[in-house]
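Please read it alongside the sequence and the structure shown below.

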Amino acid sequence: MFEKVLIANRGEIAVRVIRACRELGIRSVAVHSAADDDSAAVRLADEAVRIGPPAGRHSYLNAAAIIEAARQTGAQAVHPGYGFLAEDADFAEICADNDLVFIGPDPEVVRALGDKSRALALMRSCGLPVPPGSAETVSGIAQARRAADEIGYPVILKCAAGGGGRGMAVVGAPGELAGAYARTRAAAQAVFGDDRIYVERYLNPARHVEVQLLADGYGAAVHLGTRDCSAQRRHQKLVEEGPAPGLSAGTLAAIADAALRGARAVGYTGAGTFEFLVDEAERFHFIEANCRIQVEHPVTELITGVDIVHEQLHLAAGGPLRLRQQDVLPRGVAIECRVNAEDPDRGFLPTAGRLDVFQAPAGPFTRVDTHGFPGYVVTPHYDSLLAKVLTWAPERELAIDRMDRALHEFAVAGPGVRTTIPFLRRILDDAAFRKGRYSTGLVDRLIAAGPADPDAPDPAPPTAVVPRPAAPDPAPPGAAHPAPSGAHPPS
């Protein structure tokens, strides 16, 4: 096992990995931007290194600064979390060139599956069903139009280098194609530095179902069951649950088997997720693979009892898979709600500012993964995710009721700060969601219906506020320093 791991990320996932390292006796190094000098990750890590200014391209996407921080601190491995450099094959290669273990699949696997068009071709070649679409990326609007005409509208334009739900546009009719193509291509270049686009049939209504996998470097692989991520806005997930409800056991088993077949075909190692769309007839289609830890991985942890980050670290250190398929015994139902600093009544506009109040829920079978705390300043520079609230129960109805109770308890307040909590409670209250018969159109339907109560405030005020610990002195750029010993995790 490693003695020291550098976490090349921020926010709640950095906290999650630091905690796993501490439990395994691994020293952790948090790298951070100037905007995160006082972050929970910096407070919890054994060491912290400031690597640049707030802008991600100068800090969390600055591979050279991250590698230098690893060299300074003697880290043996780099955990990339999700987002930023997590699926950057070049960064994985740079780590290897500097004798650092990249905690993820081999760079060639990341490269093959990171190119969504290439991944579809690979999976098609090993027998996985894929949506009807252009066999390759299209070279221009004329080819895109021919592909769309052959597939039939509606279609969806996707960036070959996309991920995280970004870089997609649904086109309902031929007259919309040219504008959507231009916008998507420009966005692809701006966000991913790669303007290649491919065309798929847009499946609607559909369910978004994914399979969590673990695989070692010796040919062994297991799946940890399914998650449903259909409650999403603009392809960004809001609520996830496992196992996927409302589908037959045969369909769920077939999806899991297909994911394992795909992973073995490409020599996947570590933790990963294969994602599918499932139509009303329970026909399923592979759409992409994610070569990283997922935001929603705790859903699977709650129903299987498997600590996925522990296993990631063990596998990356060269260990054999410690689970056989018959050892994986999912139990009960787990639900996750993402609490973002966004205003649902203003188009989910991100809201930045100081959190005067931050009181996370607790109670039976309730888990909160967060980097928030009273006094924390939500910065406009990064993703607006504040916390992930999870509940578990033997039955789905009780898991939903527990989640509603937990969200009711969650108190977040500060000048100008709003959260998605009221909207999440609307999802939980929806009749189709309650029945487990919802699709990727759920959130759009709720938005179209308008706010249930435009004057409804955020949840009840807190009964107690924990004083904020004194902030450490900011470190000079590039300097390594020990994290404050008296730091406490956000709760």
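## Helices α3 and α4

In this predicted model, helix α3 (residues 63–73) and helix α4 (residues 89–97) cross at roughly 30 degrees, and their axes come within 11 Å. Because angles under 35 degrees count as roughly parallel, α3 is described as roughly parallel to α4. The crossing of α3 and α4 is right-handed.

On the α3 side, the contact is made by Ala63, Ile66 and Ile67, and on the α4 side by Phe91, Ile94 and Cys95. By class, the contact of α3 with α4 has six nonpolar residues, no polar residues and no charged residues.

## Helices α5 and α6

Helix α5 (residues 107–114) packs against helix α6 (residues 116–125) at an angle of about 95 degrees, and the two axes are 5 Å apart. An angle of 65 to 115 degrees counts as roughly perpendicular, and α5 and α6 are therefore roughly perpendicular to each other.

From α5, the residues in the contact are Arg111, Ala112, Leu113 and Gly114; these meet Lys116, Arg118, Ala119, Leu122 and Met123 of α6. The contact of α5 with α6 divides into five nonpolar residues, one polar residue and three charged residues.

## The eight-strand sheet

Eight strands form an open sheet in the order β13-β12-β9-β10-β11-β14-β21-β19, and the pairing is antiparallel. The edges are taken by β13 (284–290) and β19 (366–370); each has a single partner strand, so one side of each is left without a neighbour in the sheet. From one strand to the next, the twist averages 25 degrees.

Helix α6 packs on this sheet and touches β12 and β13. The direction of α6 makes about 130 degrees with that of β13.

Strand β9 (residues 207–215) is mostly covered, with nine of its nine residues buried. In a regular strand, side chains alternate between the two faces of the sheet. In β9, Arg207, Val209, Val211, Leu213 and Ala215 point one way, while His208, Glu210, Gln212 and Leu214 point the other way. Both sets are buried, including the charged residues Arg207 and Glu210.

Which strands pair with β9? One is β12 (residues 270–278), joined to β9 in the antiparallel sense over nine bridges. Another is β10 (residues 221–233), which is also antiparallel to β9, over six bridges. Leu213 has a bridge partner in β12, Gly272, and stands opposite His223 in β10. Ala215 stands opposite Ala221 in β10. β9 and β10 form a hairpin with five residues between them, and Gly219 in the turn has a positive phi of about 95 degrees.

Pro154 is in the loop between α7 (141–151) and β6 (155–163).

Pro205 is in the loop that runs between β8 (197–201) and β9.

Phe84 is not a glycine, yet its phi is positive, at about 45 degrees. The residue lies in the loop between β4 (77–79) and α4. With a relative accessibility of 30%, Phe84 counts as partly exposed, because that class runs from the 20% limit for buried to the 50% limit for exposed.

Glu282 is another residue other than glycine with a positive phi, near 65 degrees. Glu282 lies in the loop between β12 and β13, and at 25% relative accessibility it counts as partly exposed.

## Asn62

Asn62 is found in the loop between β3 (47–52) and α3. Is this residue buried, exposed or partly exposed? Asn62 has a relative accessible area of 24% and is partly exposed.

Leaving aside neighbours within four places in sequence, Asn62 is in contact with Ile51, Gly56 and Arg57. Asn62 and Leu85 are 23 residues apart along the chain, and their C-alpha atoms are separated by 8.9 Å.

Notes. Residues are numbered from 1 along each chain as its sequence is written. This is a predicted model: local features need pLDDT of at least 70, side-chain atom pairs count only at pLDDT 80 or more; totals for chains, interfaces and linings use all residues. Side-chain values use heavy atoms; hydrogens and water are left out. Axes are lines fitted to C-alpha atoms, for helices over the stretch in contact, and angles run from 0 to 180 degrees between N-to-C directions. Helices (H or I, at least four residues) and strands (E, at least two) are DSSP runs, numbered from the N terminus. Angles under 35 degrees count as roughly parallel, over 145 as roughly antiparallel, 65 to 115 as roughly perpendicular and the rest as oblique. A crossing is left-handed if the near helix is turned anticlockwise from the far one by less than a right angle, and right-handed if clockwise. Contact means heavy atoms within 4.5 Å. Buried means under 20% relative accessible area, exposed over 50%, partly exposed in between (1.4 Å probe, protein chains only). Two strands pair if DSSP finds at least two bridges between them.
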